[in-house]
Amino acid sequence: MADRRAHAVRRPVGEPARVLGGPPTEQILAFEDHFACYHPDDRALVIARVGDLLCGRRPATPYQGRARIVRPDGSGLDAIIQGVPEHGPDGALVALHGMLLDVTDLVRSERRAHETDRLLHGTLDSMDQGLVVLDAAQRVRVFNRSAANLLDLPGDVLREGVAFPDIHAYQRARGDFAAAETELRLGVAGRDLTALPPLFDWRLPSGVVLEVRRSPLADGGAVLTFSDVTQTRHAERATEESERRYRLLAENATDIIIWSDLTTCRRYVSPAVRTVLGYDPDDLIGTQPLAFVHPDDVAAYRAVLEGLTGGRTARALTSQRYRHRDGRWVWLEISFSLTHDATTGAADGYVATLRDVGARKGAEDALRLSEARYRALADALPQLVWITATETGEATYVNRRFEDYYGPIGPARAARTARNHPDDAERMEDLWREARARRTAYEVEGRLQRHDGAYRWHKLVLLPIWQGETMVGMLGTALDIDEIVGARRKVEEASSLLLLAQQAAKAGTWHLDLDSGRIDWSAESARLHGIETEGDYALEAQDWLARIDRQDGERALQIAATAAEAGETFSIEFRVPTPDGGVRWINGVGRGVPAPDGRARRMIGLNIDVTARKAVEAALIAAKAAADSARLEAERASAAKSEFLAAMSHEIRTPLNGVIGYADLLLDETELGPVARKHADRIRTAGAALLTVVNDVLDFSKVEAGQIEIVPRPFAVEALIDNAVSIVRPSAERKGSRSPSRAGRTCRPGSRATRTACARSSSTCSTTP
């Protein structure tokens, strides 16, 4: 009790002393000392309340409150404080009686209940599942935030104590049951909870699907849970649709699909087994695969099955021969995949997909045979053949010719490029990089080093190898063109010499297309026709005819056509009028170029300016004509001379024969003296020599006709000289010249030697002074 006037507190013996932990005797404490037993956090509030009552600041009415007590031993407890004011006869407050009630256990229970309630509300609010608890009167006792969110109900609709029919009316007015009317008629049945099934799906107008569970309570109430199963239902429908499609595929697939358990016993066989193996699916249910496999394939097939069923492999792919219903063997490619129990995850069997690969096996056998043939063909080719990887350039295949040429250099690209000639290496490497970057083919000519160190020219062709849209390699070939390059260089040299000769001769080239009549001239050919141009010049054959002498042109075309038909070379000459009124003569030489069918459809040739030659030829013709005229005149003069000489020699020979005849008669005389005989002999010899001269004059005609005849005969030189001297002696002696007197044998008169000696002697005598 607190005394207002003394501001003292009396603590009686009993419960207050036990609660406050003081001595079991009555105590009178000062106001401040009494309130020191309260917890510091509660003390000020207790003092203020008691003080306000004692001082009259608050009405003096009973009060009750809670405070924490701190006992002298340091322990604490919770107490309920009740205060009752005591009034005097005048109504004034004279004392305040208080009572302490230990409620520590109650507070602890309340705290635990509050914590449990907090945890419960936290758990409910953290649930994705909506929860509504209804009592027997169908009023909401508990709900969580997920229920309000899933049902999209505002706080004034879903709240504690609200009647479930009121919520139902709100939802019905909003149209929440429109999508579910035909299935569950929630709009009607929802008013009575017992009319609802214990588990159902509720499709909202928004498309959200809620799974609703109704669980009755013992007190007549119910617990409603709402779960958003929209994605689950979509997944289930997708799964059902997928299962339907897969079953449809399995039932209509051309491959056989089999599911077997871990004992390899078949539990499902698709209908495709009828087409592939001739069996009915039911005939194979319960059977095992090893009974149908070719004996040579059993061991390999058993190893695959043991790996699957033993858990060592989850997937496998193999090819075996299966027995057909008619007894033949069919090649099948079999793909295995383990299946697992959906609940435990443990392997429960395997799915096998069997595909008829008989045609493929045949194709593979044919491919292997074809590959062997192509490999043999590649080995027989004269070219070097190799296949390289795109990125590394490493050779994955080389033919025999490649190995023979390079020797053992290995697959590395560096080993091949090291065999490129140093002058060609950079150019060839640039082309390789460009082709690999652009994924294109390329050609290049370069020198490759043979195993013996010799370099030979090759033409390299590299083609990309495609697999779909990806370039996986390059096929390379190298043809030895060393002889071709040498021949080409000789041709180039010959062409250069021909060009020099053509330029030196100022000759122009031309091409004639016999089908179209088109003519292509070089610049020099065009110049010869009076056309100045820097490059080639083209025109039609009719235009060419208009630029030259018409008759020459028609004749030239005819000659060219005939030569083309016969495959021969031709030469034609034609005139081209010049602007100054003159004529330029051109010699065209050409031949036909045979087409693949053997016929010449094109002609090529040269045009050469022969105007100067034509002028020389004309001058020669004129000179020849003048010479022929002079020759005829000389022939006429010669004929006249011959006639004169023949007449004169005839006139001289007649008297000369008489002289010779009389000289012979004198020599025949027996009485003729030696001197006279000698003179007669000289007369006869001189006459014979003169007759020989006359005969020589007649020989001029034989010389001019080429009919002179020289007959060699022996003669005595001394006699020849003596005869010649005896003839000219008298004349020489008259001139005072001495002549030899020795005589020898005489030479036959009239011989050419005698005539020559006489002529020489006479000439000498005549020139002597």
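Is Y374 buried or exposed? Y374 is exposed, because its relative accessible area is 57%, and the cut-off for exposed is over 50%. The views below come from a predicted model.

**View 1. Y374 belongs to a nonpolar surface patch.** Y374 sits in helix α12, residues 358-380.

**View 2. The largest nonpolar core holds 26 residues.** I256, L277, Y322, L332, I334, F336 and L354 touch the most other members. Two or more core residues come from each of these elements: β12 (256-260), α9 (272-277), α11 (298-309), β14 (315-323), β15 (329-340) and β16 (347-356).

**View 3. Y322 and its contacts from beyond four places in sequence.** The contacts include L277, L332, I334 and L354. R266 and R328 also touch Y322, as do P289, F292, V293, Y301, W329 and V330.

**View 4. Strands β7 and β8 form a hairpin.** β7 spans residues 130-134 and β8 spans residues 140-143. The strands run antiparallel and are joined by 3 bridges. L134 has V140 as its bridge partner. Between the strands lie 5 residues. In this turn, Q138 has a positive phi of about 60°.

View 5. Most residues other than glycine have a negative phi. D152 counts as exposed, at 53% relative accessibility. R439 is partly exposed, at 33% relative accessible area.

Key:
Residues are numbered from 1 along each chain as its sequence is written. This is a predicted model: local features need pLDDT of at least 70, side-chain atom pairs count only at pLDDT 80 or more; totals for chains, interfaces and linings use all residues. Side-chain values use heavy atoms; hydrogens and water are left out. A nonpolar core is a set of buried Ala, Val, Leu, Ile, Met, Phe, Trp, Tyr and Cys residues joined through side-chain atoms within 4.5 Å. Buried means under 20% relative accessible area, exposed over 50%, partly exposed in between (1.4 Å probe, protein chains only). Helices (H or I, at least four residues) and strands (E, at least two) are DSSP runs, numbered from the N terminus. Contact means heavy atoms within 4.5 Å. Two strands pair if DSSP finds at least two bridges between them. Patches are made of residues with over 30% relative accessible area and no salt bridge: like charges are joined within 9 Å, nonpolar side chains (Val, Leu, Ile, Met, Phe, Trp, Tyr) within 5 Å. Accessible areas come from the Shrake-Rupley method with a 1.4 Å probe; for residues, only the protein chains shown count as cover. A salt bridge is a side-chain nitrogen of Lys or Arg within 4 Å of a carboxyl oxygen of Asp or Glu.
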